[in-house]
Amino acid sequence: MTDQYIECRRCGRELKDKRSREMGYGPSCIKKVGSEREGELETVDLLEKEMKK
Ligand SMILES: [Zn+2]
């Protein structure tokens, strides 16, 4: 089971992307959160690749 977020946990914007919902952050916020928390950088990289499709 995966927790799904409807709104960004950082700015409260609606999350429309499936991965963003799983992460709980929008694409711009995930970068900021990722840079603040180094452990999530790999996940950010995956997210960006996914969005370029
Ligand atoms: Zn946000």
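This is a predicted model: local features need pLDDT of at least 70, side-chain atom pairs count only at pLDDT 80 or more; totals for chains, interfaces and linings use all residues.
Let me begin with Gly 24, which is partly exposed because 18 other C-beta atoms lie within 10 Å; by the definition used here, a residue is buried with 20 or more other C-beta atoms within 10 Å of its own, exposed with 12 or fewer, and partly exposed in between, the C-beta atoms being placed from the backbone.

Residues are numbered from 1 along each chain as its sequence is written.

Where does Gly 24 lie? Gly 24 sits in the loop that joins helix H1 (18-23) to helix H2 (27-36). Leaving aside residues up to four places away in sequence, Gly 24 touches Tyr 5 and Arg 9; contact here requires C-beta atoms, placed from the backbone, within 7 Å. Between the C-alpha atoms of Gly 24 and Gly 12, which are 12 residues apart along the chain, the separation is 9.7 Å.

Turning to the whole protein, there are three helices and zero strands, in the order α-α-α along the sequence. Helices (H or I, at least four residues) and strands (E, at least two) are DSSP runs, numbered from the N terminus. Of the 53 residues, 15% are buried. Among contacts with a separation of 6 or more, 10% are between residues 24 or more positions apart.

Finally, confidence. The mean pLDDT, the predictor's confidence in each residue from 0 to 100, is 80 for the protein, and 62% of its residues reach 70 or more. Among the elements, H1 has the highest mean pLDDT (91) and helix H3 (residues 41-51) the lowest (65).

Technical notes:
Two residues are in contact if their C-beta atoms, placed from the backbone, lie within 7 Å.
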